[in-house]
Amino acid sequence: MDAKPILWIVIPCYNEQEVLPVTSPMFLKKIIELRDKGKISDKSRILFVDDGSEDDTWKLIGELACRDEHYIGICQSRNRGHQNAVLAGLMEAKDRCDVTISIDCDGQDDINAMDNMIDEYLGGCEIVYGVRSKRATDTMFKRKTAEGFYRFMNSMGTEVIYNHADYRLVSARVLQHFADYKEVNVFLRGMFPLVGFKSTSVCYERKERIAGESHYPIRKMVALAIDGITSMSVRPINYIAGFGAIVGFLGFIGVIWAVAGAMTGHTVDGWASIVCIICFLGGIQLLCLGIIGGYVGKTYMESKHRPGYIISDRTWQPYQRKYMEETDEE
C-alpha cells in the first residue's frame, strides 16, 4: 500500500475554453512537484468538473485526459451552478483518494498555497481553508462588497471563514461524513465548518484572472449570500418576529392615542398621516412575506429530494475515449 496520500484536485469549469489551456499545465506542474517532493502519491489526479458548459470546455477536458493520465474529468448533464459542481467533484473523489483540494479554474487563487495545505494535512488537519490575505487586484467596490458579504453572513448566524471562498483542502474522512448532508440548496463554505474535525487556514494573495471573463458578478454574489443565509440560518425569521413585536407594540400605543383623541375631541382630519402609515406597514408586510416565502420555497424544494447534480459523462468511460480517438483522427 502506498504510504503517500492520494490527492485529487477538484476544479469546477463553466465556459472556460479560454482559460483552461493556460491553467491546466499549471495544475499538472504543481501535482508533479508535490509528487517529486514525496508529499503525495503518483496516483494523484486533477479532476475537472464541467458544469454544463456551452463552449468547448468538455472537449478540451477530454483532450487533456487523453494526453496525460493525471487529467480526468466529469461532465454534468446541465448547468447546476458552482456549488453543485464542486460538490459533484468532491463526491466523485471521496472514495478514490485520501485528500481533495478544490480550486477555481481561473488561476486567481495561488496554486503554491497547496504546498502549505498538504503540510497542514500531513500534520494532522482534516480541513484547511484557503484565506485571501489581500484583494489588491479587486476594485474598491468589489473589495468592500466582498468584505461586507462575510461580515453580513456572520451577523446572520451563518458560520463562514472570513475571506474564504471555495479554495480548501478536505480529507476523504471528512467527505464521508459530509455525504450525509442531503441539502438541495448547497452552500459549501457554510456547511464544512458544521462538520467539525481539526481545521486550520492558509493565507495567500489573490491574483488577477489569467484569461476569459468572470462568471461571478455582483448579482450572483448577492444571490449566493441570500442562499447561504436562508440555507444555514433561521435568524432572519427571528428578526421578523422581533420587528413585528415592536411594530405591534407601537401600533397598540397608536390605537390608545387615537381613542383618547376621539374621546377628548382633539382629532384632526387629514389623509397624509394615514397614507404614510398604510404604505409603511404595507411595505413591511410584503418584505416579511417575501422572506418567509423564501424559506417556504426552500422547504418545498428540499421536500422533493431531487439530486443536486447528475453526471452524464466521465473521461475514463470507454465510449468517451473512443469518441476522442475518432475526433483526433478527423
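Buried here means under 20% relative accessible area, exposed over 50%, and partly exposed in between, with a 1.4 Å probe and protein chains only as cover. This is a predicted model, in which local features need pLDDT of at least 70 and side-chain atom pairs count only at pLDDT 80 or more, while totals for chains, interfaces and linings use all residues. Residues are numbered from 1 along each chain as its sequence is written, and side-chain values use heavy atoms, with hydrogens and water left out.

**View 1. Asn15 in the loop between β1 (7-13) and α1 (20-36).** Helices (H or I, at least four residues) and strands (E, at least two) are DSSP runs, numbered from the N terminus. At 21% relative accessibility, Asn15 counts as partly exposed. Its phi is positive, about 55°, although Asn15 is not a glycine. Most residues other than glycine have a negative phi.

**View 2. Ser53 in the loop between β2 (45-50) and α2 (57-67).** With a relative accessible area of 16%, Ser53 is buried. Its side chain reaches the backbone nitrogen of Asn15 at 2.8 Å, and the Ser53 side chain also makes a polar contact with the side chain of Asp50 at 2.5 Å. A polar contact is a pair of N or O atoms within 3.5 Å; within protein, one must be able to donate a hydrogen and the other to accept it, and residues adjacent in sequence count only if both atoms are side-chain atoms. Not counting residues up to four places away in sequence, Ser53 touches Cys13, Tyr14 and Asn15, where contact means heavy atoms within 4.5 Å.

**View 3. Ile11 and Phe48 in the largest nonpolar core.** A nonpolar core is a set of buried Ala, Val, Leu, Ile, Met, Phe, Trp, Tyr and Cys residues joined through side-chain atoms within 4.5 Å. Of the 34 residues in the largest core, Ile11 and Phe48 touch the most other members. Apart from this core lies another, of 29 residues, among them Ile6, Ile72, Val174 and Val186. Leaving aside neighbours within four places in sequence, the contacts of Ile11 include Phe27, Ile46, Val49 and Ile103.

**View 4. Helix α4 (residues 113-122) and its buried residues.** Ala113, Met114, Asp115, Met117, Ile118 and Tyr121 are buried in this helix. After α4 comes Gly124, whose phi is positive, near 120°.

**View 5. Phe197 in the loop between α7 (188-195) and β7 (199-205).** Phe197 is partly exposed, with a relative accessible area of 30%, and has a positive phi of about 70° although it is not a glycine.
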